[in-house]
Amino acid sequence: MSKLIEWNDALSVGIQEIDEQHKVLVDLLNELHDAIRQHHGREASVEILGRLVDYTRIHFAVEESLMRILGYPEYETHKGHHEDLISQVNTLQQRMREGEAITFELLHFLRNWLTHHIMEGDQRYVSHFLSRGVQKTWEKKSWFGRLWS
Ligand SMILES: [Fe+2]
Ligand SMILES: [Fe+2]
C-alpha cells in the first residue's frame, strides 16, 4: 500500500538527529493513514493521533532547547510557529474525541501541517545550528564517539 508521506530528500534538514525525529512523525502519520484505510475504528485513530501529539510536543521541546542553547535569533518566531501547530492539532484531537470521524481530508491537512513545519520552519535554523558546531551525523558526533572509544 502506498504511504501518505514517503520520506524524501526535500524533507531532510541535513542534521541526522532532527531528521530521525521528523521520521518518527512521518511514521505516525502513515500509521494513522493505514488505520483509517483499514477501518480500524475511531478509537484506534484517536490513540495514534494522541501519540502523534505527544511526540510532536517532545520534538518541539527539543528544537526549542537547541535554539536557546545555540542562540538562534529567530527563536521567538519559531516557537510561536510551534505553538500554532500544537493548537491546530489540539483542536483536531478535541473534535475527534467528541466523535468526529478522521477523514482523508483531515489526513491531508496533517500532511501539510508536518511538511510545512519542516520545509518552511526548520530549514531556516539549519545553517545557524551548523555554524554553532552541531554535527550533521551521529558518526561524527564527538562526545558520543569519545565516550566508548
Ligand atoms: Fe521539526
Ligand atoms: Fe520546528
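This report describes the metal site and the salt bridges of a predicted model.

Residues are numbered from 1 along each chain as its sequence is written, and chains are lettered from A and ligands numbered from 1 in the order in which they are written. In this predicted model, local features need pLDDT of at least 70 and side-chain atom pairs count only at pLDDT 80 or more, while totals for chains, interfaces and linings use all residues; side-chain values use heavy atoms, with hydrogens and water left out.

Donors are N, O and S atoms within 2.8 Å of the metal (3.2 Å for Na, K and Ca); water is not among the atoms, so sites may look incomplete. Histidine 59 belongs to helix H2 (residues 42-69) and histidine 117 to helix H4 (residues 104-131), so the pair ties together parts that are 58 residues apart in sequence. Helices (H or I, at least four residues) are DSSP runs, numbered from the N terminus. Histidine 59 and histidine 117 are both buried, a term for under 20% relative accessible area, with exposed meaning over 50% and partly exposed in between (1.4 Å probe, protein chains only).

Glutamate 63 coordinates both the iron ion (ligand 1) and the iron ion (ligand 2), and these two ions are 3.6 Å apart.

## Salt bridges

Side chains of opposite charge can pair when their charged atoms come close. A salt bridge is a side-chain nitrogen of Lys or Arg within 4 Å of a carboxyl oxygen of Asp or Glu. Six salt bridges are found in the whole structure, including those in the table.

| Aspartate 34 | Arginine 37 | 2.9 Å |

Aspartate 34 and arginine 37 are three residues apart in helix H1 (residues 16-37), about one turn of the helix. Aspartate 34 is partly exposed at 28% relative accessible area, and arginine 37 is partly exposed at 22%.

In helix H2, glutamate 47 and arginine 51 are four residues apart, again about one turn. Glutamate 47 has a relative accessible area of 42% and arginine 51 one of 33%. Glu31 joins Glu47 and Arg51 in a network of salt bridges.

Glutamate 83 and lysine 79 lie four residues apart in helix H3 (residues 75-97), and therefore about one helical turn separates them. Glutamate 83 is partly exposed at 45%, as is lysine 79 at 23%.

Key. Helices (H or I, at least four residues) and strands (E, at least two) are DSSP runs, numbered from the N terminus.
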